[in-house]
Amino acid sequence: MSSDVSDHRLGPRLASPGATLPVRIELLRQLRRRRTQITLGLAVVLPVVLWIAFSVGNSSPPGAAGVSLTDLAQTSGPNFTVFALFSSASFLFVVVVALFFGDTVASEASWSSLRYLLAIPVPRVRLLRQKVIVAGILSASVLVLLPVIALALGTLVYGDGAYSSPTGETLTYGAAVLRIVLAVVYLALNLAWVAGVATLLSVATDAPLGAVGGAVMVSILSQILDTIDALGSIRDALPTHYAFAWSDLFAMDVDAGDVVRGVLSGLVWATAFGATAVWWFRRKDITS
């Protein structure tokens, strides 16, 4: 009997498929990667770089017509934060989301470890879900970290004055911080489409760089098409059409029409791409 007990204790224990690849373990694994550390570090460094650029640069020349967001960036912490968001929303945040989601499955395939994960066994849908959850956590961390650092630095350097828009509207410091929070939430929901297309490309290719670059190229193509007036109302369906709708949140009287449409656009595109990614991955022949 003691021999049986010993064999039972020392023998291999097969994990339940529903308990494989926990989010905590996968998150810690991704946090140890250099690309994750560099990306998170960039979110911290970028506001500092912007502050240095303002410190050594020249202000608008005398007699310059109009007041831009750049001119107002040095007037208060909220203004500096909004400028940082404008500087990052259309490209940097797209690259960050594409990086984390495009690397989900393709990186495992490129390391020839995907088939071993599935042999543990980790069910395919669970593997994809856990990877996407971790990618979402990391992407959200960057989206939150950058404005938090920008607001802290901007408030320290430029003060806790009111937010002033180029149109002359103002918001108190507290109201501006609330609008910044809403803007970050909007960006996270609107950029969900980037997560969807990057995940789809990640399961369709064994090259992480191809998945990440492909998602960024789709975003650039959508932005180019959105500038073509001849497309008319077709542009409204493009995933990047409402990329800057979050700026409407900084008006005194918020018109939430484009904000709602931007959220719905991001979620609809994300659902379409995500469902296709699941369908593709469940049927894909795993050779690496």
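How many salt bridges does the structure hold? The exercises below begin with this question and then turn to the core, the surface and the annotated regions.

The model is a predicted one, in which local features need pLDDT of at least 70 and side-chain atom pairs count only at pLDDT 80 or more, while totals for chains, interfaces and linings use all residues. Residues are numbered from 1 along each chain as its sequence is written, and side-chain values use heavy atoms, with hydrogens and water left out.

**Exercise 1. State how many salt bridges the structure holds, and describe the network that links Glu26, Arg29, Glu108 and Lys131.**

Step 1. A salt bridge is a side-chain nitrogen of Lys or Arg within 4 Å of a carboxyl oxygen of Asp or Glu. The structure holds nine of them.

Step 2. One of these joins Lys131 to Glu26, with the closest N and O atoms 3.0 Å apart. Lys131 belongs to helix α9 and Glu26 to helix α2 (residues 23-31), so this pair links distant parts of the chain, 105 residues apart. Helices here are DSSP runs of H or I with at least four residues, strands are runs of E with at least two, and both are numbered from the N terminus.

Step 3. Lys131 and Glu26 are both buried. Buried means under 20% relative accessible area, exposed means over 50%, and partly exposed lies in between (1.4 Å probe, protein chains only).

Step 4. Glu108 forms a salt bridge with Arg29, the closest N and O atoms being 2.7 Å apart. Because Glu108 lies in helix α7 (residues 106-110) and Arg29 in helix α2, the pair ties together parts that are 79 residues apart in sequence.

Step 5. Glu108 is buried because its relative accessible area is 1%, whereas Arg29, at 30%, is partly exposed. Salt bridges link Glu26, Arg29, Glu108 and Lys131 in a network.

**Exercise 2. Describe the salt bridge between Arg261 and Asp258 and the setting of its two residues.**

Step 1. The two side chains meet at 2.9 Å, N to O.

Step 2. Arg261 and Asp258 both lie in helix α13 (residues 257-283), three residues apart, which is about one turn of the helix.

Step 3. Arg261 counts as partly exposed because its relative accessibility is 43%. Asp258 is also partly exposed, with a relative accessible area of 31%.

**Exercise 3. Describe the largest nonpolar core and the contacts of Trp246.**

Step 1. A nonpolar core is a set of buried Ala, Val, Leu, Ile, Met, Phe, Trp, Tyr and Cys residues joined through side-chain atoms within 4.5 Å. The largest one has 69 residues, and those with the most contacts inside it are Phe93, Leu114, Leu127, Trp246, Phe250 and Phe281. Helix α9 provides the largest share of this core, 12 residues.

Step 2. Contact means heavy atoms within 4.5 Å. Leaving aside neighbours within four places in sequence, Trp246 is in contact with Val82, Leu85, Phe86, Ala89, Ala183, Tyr186 and Leu187.

**Exercise 4. Identify the residues of the nonpolar surface patch and the helices that supply them.**

Step 1. Patches are made of residues with over 30% relative accessible area and no salt bridge, where like charges are joined within 9 Å and nonpolar side chains (Val, Leu, Ile, Met, Phe, Trp, Tyr) within 5 Å. Accessible areas come from the Shrake-Rupley method with a 1.4 Å probe, and for residues only the protein chains shown count as cover.

Step 2. Val48, Trp51, Ile52, Val56, Leu156 and Val157 make a nonpolar patch of about 550 Å².

Step 3. Helices α3 (34-56) and α9 (124-158) each supply at least two of its residues, and α3 gives the most, with four.

Step 4. Val48 lies in helix α3 and counts as partly exposed because its relative accessibility is 32%.
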